[in-house]
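Biologist: Please show me the model, and let me ask how the terms are applied to it.

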Amino acid sequence: MKLADVARHLGASVLTGHGGLDGEARGAFAADLLSDVLNRGAPHVVLLTGLTNLQVVRTAEIMDLAGIVFVRNKQVSPEVVAMGAEKGLVMMATHRSLYETCGLLYVAGLPAVSPDADAGIT
Amino acid sequence: MVPPEQARLVLEFEVTGRDFAAAGNAATRIKRALEHVGFSARAVRRAAITAYEAEMNIVIHARRGTMSAYITPETVEIAAVDEGPGIPDIELAMREGFSTAPDYVREMGFGAGMGLPNMRKCADSLTVDSEVGKGTSVRAVIRNC
């Protein structure tokens, strides 16, 4: 699913990475624990999270994530927006809950991705 | 382990305890270097995760430390050496779910006792040495395959 369609399905506002909205998310992973993202995340998936700190952006870069969706109408600090913009990362924000965000994207056809599918780590 | 003199490329970064704004900078630079020299996507990924977990541990637990990467065409060795409280029981620290991280670190999304186990999963070999009151040294080797 294109990241532009992720934003459209959620009615999310795009904060950074407008140039990357044509990029594909091959699945989604929802977590409020970055350790879980580092342990079970897969490349080129979109992260759905209520965390809005700088470490989310770092984690996205380390894990080659397709983008980040900040849920629950969380305020994202200018520092986080600046770091995301600098890295060219697609970041968007929605007023929807994490549960609702997952449900809408799943119904729209965005799958869960097994961390071991082709992440190369078993 | 890679004897440092055999490494083709050596990267070294200072890491400051509690500096969460800079945390992840070293791991990101190591990741970019490995991509640049043509490591496989799989090896880059495993090394990046290992380096990031190690760097976060220094920022969370230690006063200061050094992150180094010794890169050869076949392997990368990541060394995270810190001055900090040390680990009294390494076997316990390697157990998933065991953590001594304070609450504010957990609120950030870390400190779930998954760092060292995740490093062990990602690295081909992992060595942890520690002296209580002095510091901890973590060495991980990832093969480029």
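Modeller: Helices (H or I, at least four residues) and strands (E, at least two) are DSSP runs, numbered from the N terminus. By that definition, the elements of chain B run β-α-α-β-β-α-α-α-β-β from the N terminus on. Chain B has five helices and five strands.
This is a predicted model, in which local features need pLDDT of at least 70 and side-chain atom pairs count only at pLDDT 80 or more, while totals for chains, interfaces and linings use all residues. Residues are numbered from 1 along each chain as its sequence is written, and chains are lettered from A and ligands numbered from 1 in the order in which they are written.

Biologist: What makes chain B as compact as a globular protein of its length?

Modeller: The radius of gyration is taken over C-alpha atoms, and the globule rule is 2.2 Å times the number of residues to the power 0.38. For 145 residues the rule gives 15 Å, and chain B has 14 Å, which is close, so chain B is as compact as a globular protein of that length. Along the principal axes, its C-alpha atoms fill a box of roughly 40 × 25 × 25 Å.

Biologist: How do you know that β1(B) and β2(B) pair?

Modeller: Two strands pair if DSSP finds at least two bridges between them. Strand β1 (residues 9-16) of chain B and strand β2 (residues 64-71) of chain B have eight bridges, in the antiparallel sense, so they meet the definition. One of the bridges links Phe13(B) to Met67(B) in β2(B).
β2(B) also pairs with strand β3 (residues 75-83) of chain B, antiparallel and over eight bridges. There, Ser68(B) has Ala79(B) as its bridge partner, and a hairpin of three residues joins β2(B) to β3(B).

Biologist: Which strand pairs with β4(B), and over how many bridges?

Modeller: β4(B) (residues 125-131) pairs with β5(B) (residues 135-143) in the antiparallel sense, over seven bridges. Val128(B) is bridged to Val138(B) in β5(B). Three residues lie between the strands of this hairpin, where Gly133(B) takes a positive phi near 85 degrees.

Biologist: How many residues of chain B are in contact with chain A?

Modeller: Two residues are in contact if their C-beta atoms, placed from the backbone, lie within 7 Å. On that count, 23 residues of chain B are in contact with 17 residues of chain A. The largest share of the chain B side, seven residues, comes from α2(B).

Biologist: What share of chain B counts as buried?

Modeller: A residue is buried if 20 or more other C-beta atoms, placed from the backbone, lie within 10 Å of its own, exposed if 12 or fewer, and partly exposed in between. Of the 145 residues of chain B, 43% count as buried.
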